[in-house]
Amino acid sequence: MMPASSATLHVVATPIGNLGDLSPRAQEVLRTVAAICAEDTRHTGQLLSQFGIATPLLALHDHNEEAIAGRLVARLLAGESLALVSDAGTPLVSDPGFRLVRAARAAGVRVSPVPGACAAIAALSVAGLPSDRFVFEGFLPAKAAARRERLQRLAGETGTLVFYESSHRIADSLADMVQAFGAARPAVVARELTKLFETVLDGDLEALLAAVQADGNQRKGEFVVMVQGAGDDEDAKVAEGRRLYARLNEHLPPSTAAKLAADLSGAPRKALYGG
Ligand code: SAM
């Protein structure tokens, strides 16, 4: 589809701690657009002043985004290029911007990324957990009951789970994860990435909970919590097959019980006799 105007909405990632992570292209785009839509104009103003960028700022946050998206799209259609940033990292990733991007795309405006820091991706890149498949869960619900229910629903997920967490809930969330996923599940807590007190702790969930409870410093700052996925499908099939075999074996000859358990679970028959 031909763009409806020559203007572009640039979605620009900003640093998650280290100012050196604002790319030269991001600086160039932020310097040359007509205006920058920012979650917190004061916060972004401070960032821009470090780079000598004086582009006008407009507030765009969860509370006004729906209301002003139309006006911003009108400016884009009139030929003014705009940038969208959030307080830190990549806009739209647990941050505002989705409604504006959707409205711009619906109006046929070109929307183009200027990629850069994202806490989830930075954390995965240093965690040493399988990351060929991962599930980004963002922030867990603040209320304990809803948080526990969400975690229960994720217990069988086989991809690595990625959560954002804040200092005042990190210990409670890890405790709930121990309950939902089991004490032995491997996990990594990445804290204050790219900042002075960056720490990346790995271990099983129980050990990580103990480490965070034991040291108040490990509860300060910003966190990404990553939890290895549940065992792969083959493990789950064998577990189910063994469970069935044990039950059927109480009533049937072993060879019949094994054949039925293998058929029902999909596990290989010879895997059912062990353990
Ligand atoms: N859009 C951002 C991104 O691309 O990562 C995320 C915004 S979200 C409102 C903020 C959360 O991201 C924090 O509560 C924390 O979970 C995570 N986060 C941001 N910066 C971080 C950092 N330097 N180290 C660890 N986690 C960070």
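The chat below goes through the fold and a few helix contacts and residues of a predicted model.

Student: What kind of model is this, and how are residues numbered?
Tutor: The model is predicted: local features need pLDDT of at least 70, side-chain atom pairs count only at pLDDT 80 or more, and totals for chains, interfaces and linings use all residues. Residues are numbered from 1 along each chain as its sequence is written, and side-chain values use heavy atoms, with hydrogens and water left out.

Student: How many helices and strands are there in the protein?
Tutor: The protein has 10 helices and 10 strands. Both are DSSP runs numbered from the N terminus: helices are H or I with at least four residues, strands are E with at least two.

Student: What radius of gyration does the protein have?
Tutor: The protein has 24 Å, while a compact globule of 275 residues would have a value near 19 Å. The radius is taken over C-alpha atoms, and the globule rule is 2.2 Å times the number of residues to the power 0.38. The C-alpha trace spans about 80 × 50 × 35 Å along its principal axes.

Student: And what share of the residues is buried?
Tutor: Buried residues make up 42% of the 275. Buried means under 20% relative accessible area, exposed over 50%, and partly exposed in between (1.4 Å probe, protein chains only).

Student: What share of the contacts comes from residues 24 or more positions apart?
Tutor: Such pairs account for 68% of the contacts with a separation of 6 or more. Contact means heavy atoms within 4.5 Å.

Student: Now helices. How do α7 and α8 pack?
Tutor: Helix α7 (residues 170–181) and helix α8 (residues 205–214) pack at an angle of about 160°, with their axes 9 Å apart. That makes α7 roughly antiparallel to α8. Axes are lines fitted to C-alpha atoms, for helices over the stretch in contact, and angles run from 0 to 180 degrees between N-to-C directions. Angles under 35 degrees count as roughly parallel, over 145 as roughly antiparallel, 65 to 115 as roughly perpendicular and the rest as oblique.

Student: Which residues of α7 and α8 meet?
Tutor: From α7, Ile 170, Ala 171, Leu 174, Ala 175, Met 177, Val 178 and Phe 181 meet Leu 205, Glu 206, Leu 208, Leu 209 and Val 212 in α8. By class, that contact of α7 with α8 has 11 nonpolar, no polar and one charged residues. Ala, Val, Leu, Ile, Met, Phe, Trp, Tyr, Cys and Pro count as nonpolar, Asp, Glu, Lys and Arg as charged, and the others, Gly among them, as polar.

Student: What about α6 against α7, where do their axes stand?
Tutor: The axes of α6 (residues 144–154) and α7 come within 9 Å and cross at roughly 40°. The two helices are therefore oblique to each other. On the α6 side, the contact is made by Arg 147, Arg 148, Leu 151, Gln 152 and Leu 154; on the α7 side, by Asp 172, Ser 173, Asp 176, Met 177, Gln 179, Ala 180 and Phe 181. The residues of the contact of α6 with α7 divide into five nonpolar, three polar and four charged.

Student: Switching to loops. Where is Leu 129, and what does Leu 129 touch?
Tutor: Leu 129 is in the loop between α5 (119–127) and β6 (134–139). Leu 129 counts as buried, at 10% relative accessibility. Not counting residues up to four places away in sequence, Leu 129 touches Thr 160, Ala 187, Val 188, Met 226, Val 227 and Gln 228.

Student: What is phi of Glu 192, and where is Glu 192 found?
Tutor: Phi of Glu 192 is near 55°, a positive value in a residue other than glycine. Glu 192 lies in the loop between β8 (186–191) and β9 (199–204). With a relative accessible area of 14%, Glu 192 is buried.

Student: And Thr 194, what is its phi?
Tutor: Thr 194 has phi near 70°, a positive value in a residue other than glycine. Thr 194 is found in the loop between β8 and β9, and is partly exposed at 27% relative accessible area.

Student: Last one: which residues is Arg 269 in contact with?
Tutor: Leaving aside neighbours within four places in sequence, Arg 269 is in contact with Ala 258, Lys 259 and Ala 262. Arg 269 sits in the segment after α10 (254–265) and is partly exposed, with a relative accessible area of 41%.
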